[in-house]
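Dear colleague,

I am passing on the structure that we spoke about, and below it you will find my notes on what was found in it. Please read them with the structure open beside you.

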Number of protein chains: 2
Amino acid sequence: MRKVTRRQLLCSVGLSSGAGLLVGSSGKKAGSPREDTRESGRWAYVRLNSAAVAAEAYRLFPEGACMYGLFASIVTSLGRMLGEPYRSFPLHMMRYGQGGVGGWGSLCGTLNGAAAVFGLLEKDASRREQLITELFSWYEGASLPTYCPPGVRDSLRIPGSKAGSVLCHASVARWCKVSGAKPSSKEMVERCRRLTADVAAKTVALLNQGLEKSDSLPGQAPEVQSCLSCHGQGETRVVVGKMSCGSCHSFTGKHPKP
Amino acid sequence: MRKVTRRQLLCSVGLSSGAGLLVGSSGKKAGSPREDTRESGRWAYVRLNSAAVAAEAYRLFPEGACMYGLFASIVTSLGRMLGEPYRSFPLHMMRYGQGGVGGWGSLCGTLNGAAAVFGLLEKDASRREQLITELFSWYEGASLPTYCPPGVRDSLRIPGSKAGSVLCHASVARWCKVSGAKPSSKEMVERCRRLTADVAAKTVALLNQGLEKSDSLPGQAPEVQSCLSCHGQGETRVVVGKMSCGSCHSFTGKHPKP
């Protein structure tokens, strides 16, 4: 990883210029955790190399699986360039996200890890949510994994599949159906390892792109936008969420009239 | 919050005796994040008062919603008793979990925050997963919220409902159906705020109980155990996950013969 200069740091095109200083001394409330917790570190972002971070995520995966591999690849890379407070982050905690959190099959650990990175770096709620939406929508619709470790003889058949969901349970099931491999097989573990590299690269690409160009980002999938045009507001049965609807809800007949 | 004595700390009935020191100097690998990241802090656990933490979670919710309220209530309480490294944790990052991660309706933020606490405190993977399973199974089956802020005139109708799922989307939908309230209404926000207090209390109760008595803990719901007795292994269509099956899968006819 190249060494960053002061100029490069100042010219970083990552998050908004004020986003590095996530918690200032202003707005301190009596009895707030800020009394007890020093959140004064500068969680600045400096442009990373997405290919290098992907390779790092692939390398780190065996130490703590999906969420750990994703989060550690980015925070360790930033720690190498910027030092503290990244170097002191207790990375071990991110092992909890494995298998959709403790094997429960809920949110894919790569997405949980990436969203945690966005949480660490972006204090503006609307920009953070937009970063999450861009990443999660991409994950639902992309054929993954595509990453192939360089220099490794590819003896395993690791095809791509479209998850259609941000949930580990559904994402793995889709991939197993396409590949013919069993859950927890060495093929599935390798698939999740490569997926971690792919999501790490995409996360870094979004951070590098920043949100100045957010209008050019695709946002939510058109199908979800269509459902939420009624179910996101008004008198229809309103729901909370932006997940792909079709992975759990389907119509055997026609959609009820609006 | 009472001041902990050295004796109380040493007699803490929380996690296993070795669990406090989460990362030692042994097993260091070249190129590992441990080269760059100081994980040498002692993330010890000392018994907390679950009622006090619940009240703290309720109080903190408005600062960052569900995941933040849950995580910050426990880490801040430990920071008050034990000091560092708790006091330096960048709590702000946990705001990402709001609304099932950035409003996506995936994993309930209270559960994501609690699992992150388990990740921070428990390095043994099987004990960590058991803590997660105990909490998540309880959440799926309990009628929540039950917490009522003391001294507050209860002008809002906040009934309890059984989520039947660990997903924010389903959990909120069930509650809105029972209460008649709309998503994002002031009633729903108050429900999530009280739920955060309930889950914080349960998380602390599990940490206090420790895992010496794990045999007496209920574990996965019997319905899920029944499904996974075939779908968790063998030649049947095997799945990854421990979530309640019925919230997405139902049979209009009979279950296919095994």
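A:Cys245 is partly exposed, with a relative accessible area of 24%, where buried means under 20% relative accessible area, exposed over 50% and partly exposed in between, as judged with a 1.4 Å probe on protein chains only. A:Cys168, by contrast, counts as buried because its relative accessibility is 9%. Since a disulfide is taken to be a pair of cysteine sulfur atoms within 2.5 Å, the count over all chains comes to zero. For A:Cys168 the closest cysteine sulfur is in A:Cys108, and at 6.4 Å that is too far for a bond.

Before going further, please keep in mind that this is a predicted model, in which local features need pLDDT of at least 70 and side-chain atom pairs count only at pLDDT 80 or more, while totals for chains, interfaces and linings use all residues. Residues are numbered from 1 along each chain as its sequence is written, chains are lettered from A and ligands numbered from 1 in the order in which they are written, and side-chain values use heavy atoms, with hydrogens and water left out.

In soluble globular proteins, nonpolar side chains tend to be buried together.

A:Lys242, in the segment after helix H8 (222-231) of chain A, counts as buried because its relative accessibility is 19%, and its side chain reaches the backbone oxygen of B:Gly102 at 3.3 Å. Leaving aside neighbours within four places in sequence, A:Lys242 is in contact (heavy atoms within 4.5 Å) with residues including A:Glu129, A:Thr133 and B:Trp104. B:Arg128, found in helix H5 of chain B, is buried yet has no salt bridge, and the nearest side chain of opposite charge, B:Glu129, is 5.8 Å away. A salt bridge here needs a side-chain nitrogen of Lys or Arg within 4 Å of a carboxyl oxygen of Asp or Glu. The side chain of B:Arg128 does reach the backbone oxygen of B:Lys123, at 3.3 Å.

Finally, a few backbone features stand out. Most residues other than glycine have a negative phi, and most peptide bonds are trans. A:Val101, however, which is not a glycine, has a positive phi of about 75°; this residue sits in the loop between H3 and H4 of chain A and counts as buried, at 0% relative accessibility. B:Ala65, in helix H3 of chain B, likewise has a positive phi, near 75°. The peptide bond from A:Leu144 to A:Pro145 is cis, with omega near 5°, and a cis peptide bond also joins B:Glu84 and B:Pro85, with omega about 5°. B:Glu84 is partly exposed, with a relative accessible area of 38%, and its side chain makes a polar contact with the side chain of B:Ser88 at 2.8 Å, where such a contact is a pair of N or O atoms within 3.5 Å, and, within protein, one must be able to donate a hydrogen and the other to accept it, residues adjacent in sequence counting only if both atoms are side-chain atoms.

Key:
Helices (H or I, at least four residues) and strands (E, at least two) are DSSP runs, numbered from the N terminus. Lys and Arg count as positive and Asp and Glu as negative; His and the chain ends are not counted.
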